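The report below is meant for a reader who is meeting this structure for the first time.

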Amino acid sequence: MQKIKKNNGITETSEMERNDGIPFDINYIKGLRVNKSAVERRAATIGKRRSVKKEWQAAWLLRAVTCIDLTTLSGDDTPSNVQRLCAKAQNPVRHELLKAMGMHKMGITTGAVCVYHNLISDAKKALKGSNIPIAAVSTAFPAGLIPLTERLKQIELSVAAGAMEIDIVIHRQQVLTGDWEGLYNEMKLMRKACGPAHMKTILATGELSTLTNVAKASHVCMMAGADFIKTSTGKEKINATLPVSLTMIRAIRDYYEYTGYKVGFKPAGGIGKAKQALSWLMLIKEELGDEWLNNELFRFGASSLLGDIERQLEHFVTGRYSAAYRHPSS
Amino acid sequence: MKIKKIFETMEYGPAPESPKAALNWLEKHNNKFGYYCNGKWEQPSTKKYFNSINPSNKNVLAEISHAGEKDVNKAVKAAKKALPKWVKLGSHGRARYLYALARQIQKHSRLFAVLESMDNGKSIRETRDIDIPLVARHFYHHAGWAQLMDTELKDYKEVGVVGQIIPWNFPLLMLAWKIAPALAMGNTLVLKPAEFTSLTALLFAEICDQVGLPAGVVNIVTGFGDTGAAIVNHPDIDKIAFTGSTEVGRIIRKATAGSGKKLSLELGGKSPFIVFEDADLDSVVEGIVNAIWFNQGQVCCAGSRLLVQEGVAEKLYRKIKARMEHFRIGDSLDKCIDMGAIVDESQLKTISNLVQKGIDEGGEIYQPKCPCPTEGYFYPPTLFTNISPSATIAQQEIFGPVLVAMTFRTHAEAIKLANNTRYGLAASIWTDNINMALEVAPKVKAGVVWVNCTNVFDAAAGFGGCRESGFGREGGREGLHEYTIPRINDSFGKKPFQLPVAKKVVELTNNTIPSIDRTAKMYIGGKQCRPDGGYSNRIYSPTGQYIGEASAGNRKDIRNAVEAAHANGSWGAKPGHARAQVLYYIAENMESRKHELALRIAASLNVEIDVATEEVELSIERIYYYAALADKYDGRVHNTVAGNITIAMPESIGVMAVICPDEAPLLGFVSAVIPAITMGNNVVVVPSETSPLLATDFYQILETSDVPAGTINIVTGNQAELAEVLAKHDDVDGIWYFGGNKVSKMIEHTSAENMKRTWVSNGKYRNWYNHEQGQGEEFLRRASDIKNIWVPYGE
């Protein structure tokens, strides 16, 4: 891998310089190795070595809320449920709970809302006046198996419709057959198609077979200029897991060390509990550092997580275990 | 506002585990404990008590009895009294008790975990997730062995009353490793916990009470070194099991020499952590965290010497340092820490002094900026780079959170550096190349090898070391033999077994002209050698007939023989089948010289020719026995943790000294030497002193049997003198002796220096002419050590 802007081993760049990518380097990709059992051991102990309680837990959960890409990706999505989703994104936690925690003036919202292309305009209407970005899944999500030209066109349409973030899927075939350069070239084109919108590449790790493949795909996407790398579509049999996340996080760390570019991370699918969210935040804090603990560099792709966090926050405030119906639905 | 601030900084906060239940338990005992003897709590005869301190905050937790010699006597007496009934209770009865102990430990697991964490200073995460679950697992596993003893180990019996002395680094786990197998195999015991950490042992005593364990089966005496010494020296103790420092282990080895006490020692280490350039370096970093910063580095098998392939060294160091910056050190009951407190002020001083020495000797030190509490005994994680093997901290065990790093160029160099230590406990090998891992694992001197993992334990696998890390295994099938003795040992005689003497003097020849003078030489490195000293001994039969002359070997001959044995790399590398072929060939050649050998025996012992012929035939049959086993006495794959293949592999000990029985000049030689070489050892043999010529005849057989030079080296002469030279030789790894008390004691005592494996008969004599006594798997077990290689899998 070429070392760009190298300065004493670690490159110093401005806080949020966008990843422009670097030239493709097959030798670097071929040299990557991930030892699964060792990664699993680390992942299994992260939530045991670290624990946040009381005020710390509340604050961390609120931070998690701000990192959620509040998502609906269903065949039966209509303007009305997207509108509710957008309302929830703007007011994710009940006001009096925020007030009790002294957080009501902090402008707590979710990180983004995430919808299919056809719902972008509805989301845009519903989010008018807020700063919440719209993320759209694209490139024949979730399988991606249509011609490249069509996929690129989709991206352009979504950007034109107002999406500020494009969650694209990679061609799993390119990973499974080792066509890394092909993957790089497609990603480059997609990144170009995204223009000013951020490109979040979904690796669909549940279909990549090995963690070594996950690491390789992560690096290829980053080399091609991904702004975020994301675990899953939420539609695979296995979605975000801690070992997969750890592998991707470490790839991000290595890429940063070599290029100075900070790439974001988004685990998606299967994260429905507040406690899980804390484990992910701890993993990020431990392996990437505090700079990644915000929604510019970290997102949860989740639909039900927020509900559990709300209940935990109410429990913190009142000391009583909460019920779902006490919190406004999306 | 607090939440807002945390929201902005995303800092960690305190996450304390409550000490309440543990404090209540201490209070229930008025924070003062007697010792546990014969099912009762006794106050110490010394009337002395000492404090147990929480090293995280220096608070006194409780007063502990300082048991004296009288108290130890009482406990041993109780254990001795309880023994017959405990043995008679049988497999199933003992299994029920062990099962109950396992269950009770699980039911009270958090109390044990919190108490252990407070008493020792190790993090609650470790006691809760590692120590206590392993304790329960150990009792479950051995409840199984108790149940199976009658069927699986029916040729073995209990050792008797066992004395056990354990360290402070894993207080309850080491107790479990000692007590579970001892009880399962029908022994009763007296155990002394370390003075810094007696509390969980006392809670365990309470649990023994609760499950109704018969009085006297388990006795827990608390105290200091003098208490331990009283156990070690007690005449009614049949076995000592010790885990602790090599220094104390050596004292115990010397103190028990010649006493006939069985001994297992699990001692110090300076275990290598070998990283090849193809390893997943991020995973390596976490491996290092688990290797040297687990339990503050106070782990006998801690991977304390990092050996990293030169090309990736700087990259790895950078990653380690980055990880160190994320360390959290604090009160042991905080659930958000990586490391707790060092057990005691004295240990903290030892660590600081050694680190200073490392700096003075030119090492580059790195300690992270993470805050380290000052209230208790804390020490930050420490990395030394630019360390040469000659540095003090590269050789000496620090027993603290200090890693020393060195680089290597090739895997051959990695193995060389890994083995450049007096210790040999554990090793960790990191590579994604299975060929590399499985080549290096057998070549590293260690009892436990972890591939791409470290500090993984399970009751089903043996743990223990070689060299000065001690001997014996704890856990698994191999560990049971530390707490059993073969039943056949009861039939050994108090005097050597003698063949019936012939009615008249046996004549070798009746030639009318004098026979040609024969010179029996020694046999070293595949060559016949004259003795260095130039002296020979005249050999006579029991009736005074002159038989011939044998070389009088001396220390230089021994030196040469040991060197020749080490120079032979081919024998140990042969697979069992190839060794068997050589053994069969020896038997074949003996058969063709049967008459000649029989005549020699007949003359040497003055026995009838048919009696002598029988000895030759038995010898041939014995060789067949070991040749048959050569490719069958193999290892196991232990059923341990998920996703892991744990290979228990018998390995040769190395260079062994075999002091043959003085009786049975041919059969004794064969019975002692053949099993040793069957397992791939190279041997230096001192044959029968009174009838050495059978051995010198034997080398002619060796010369014609494709035995590689240096496999068997024969030095004739005075057995006691030569045995002492061999026992004192630091490049001899094991020594066997089949004779009287005096030499047995000398060998055990002298061997303490390099902790060579000893097997001496202490004046108990086998009848070599009896298959049950003269051969068996015990010979092969004594000629080998089990190495457990842990190989996790998954892609």
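Gln296(B) counts as buried, because 34 C-beta neighbours lie inside 10 Å and the cut-off for a buried residue is 20 or more. The model is a predicted one, and in it Gln296(B) has a phi near 60°, which is a positive value in a residue other than glycine. In the chain, Gln296(B) is placed in the loop that lies between helix H10 (281–292) and strand S13 (303–309) of chain B.

A positive phi is also found at Asn762(B), where the angle is about 50° although the residue is not a glycine. The loop that holds Asn762(B) lies between strand S31 (757–760) and helix H26 (771–774) of chain B. Asn762(B) is buried because 20 other C-beta atoms are found within 10 Å, and 20 or more is what the cut-off asks for.

## A cis peptide bond in chain A

In chain A, the peptide bond that joins Phe141(A) and Pro142(A) is cis, with an omega of about 5°. Pro142(A) belongs to the loop between strand S3 (134–137) and helix H7 (148–161) of chain A.

In soluble globular proteins, nonpolar side chains tend to be buried together. The largest nonpolar core of this model has 283 residues, and those with the most contacts inside it are Val113(A), Ala277(A), Leu98(B), Ile274(B), Val275(B) and Val449(B). Helix H3 (residues 69–107) of chain B gives the largest share of this core, namely 14 residues.

Which residues is Val275(B) in contact with, leaving aside its neighbours within four places in sequence? They are Val284(B), Leu306(B), Leu307(B), Val308(B), Gln309(B), Leu316(B) and Trp430(B).

## A sheet of three strands in chain B

Strands of a sheet pair through backbone hydrogen bonds, and they do so either parallel or antiparallel. Chain B contains an open sheet of 3 strands in the order S1-S5-S4, and its pairing is mixed. Strand S1 (32–33) and strand S4 (49–54) of chain B are the edge strands, each of which pairs on one side only.

Strand S4(B) and strand S5 (residues 59–65) of chain B run antiparallel and are joined by 6 bridges. Within this part of the sheet, Asn54(B) stands opposite Asn59(B), which is in S5(B).

Methods
Residues numbered from 1 in each chain as written. Chains lettered and ligands numbered in written order. Predicted model: local features only at pLDDT ≥ 70, side-chain atom pairs only at ≥ 80, totals over all residues. Pairing = 2+ DSSP bridges. Helix = DSSP H or I, 4+ residues; strand = E, 2+ residues; numbered from the N terminus. Core = buried A, V, L, I, M, F, W, Y, C linked by C-beta atoms within 7 Å. Buried ≥ 20, exposed ≤ 12 C-beta atoms within 10 Å, placed from the backbone. Contact = placed C-beta atoms within 7 Å.
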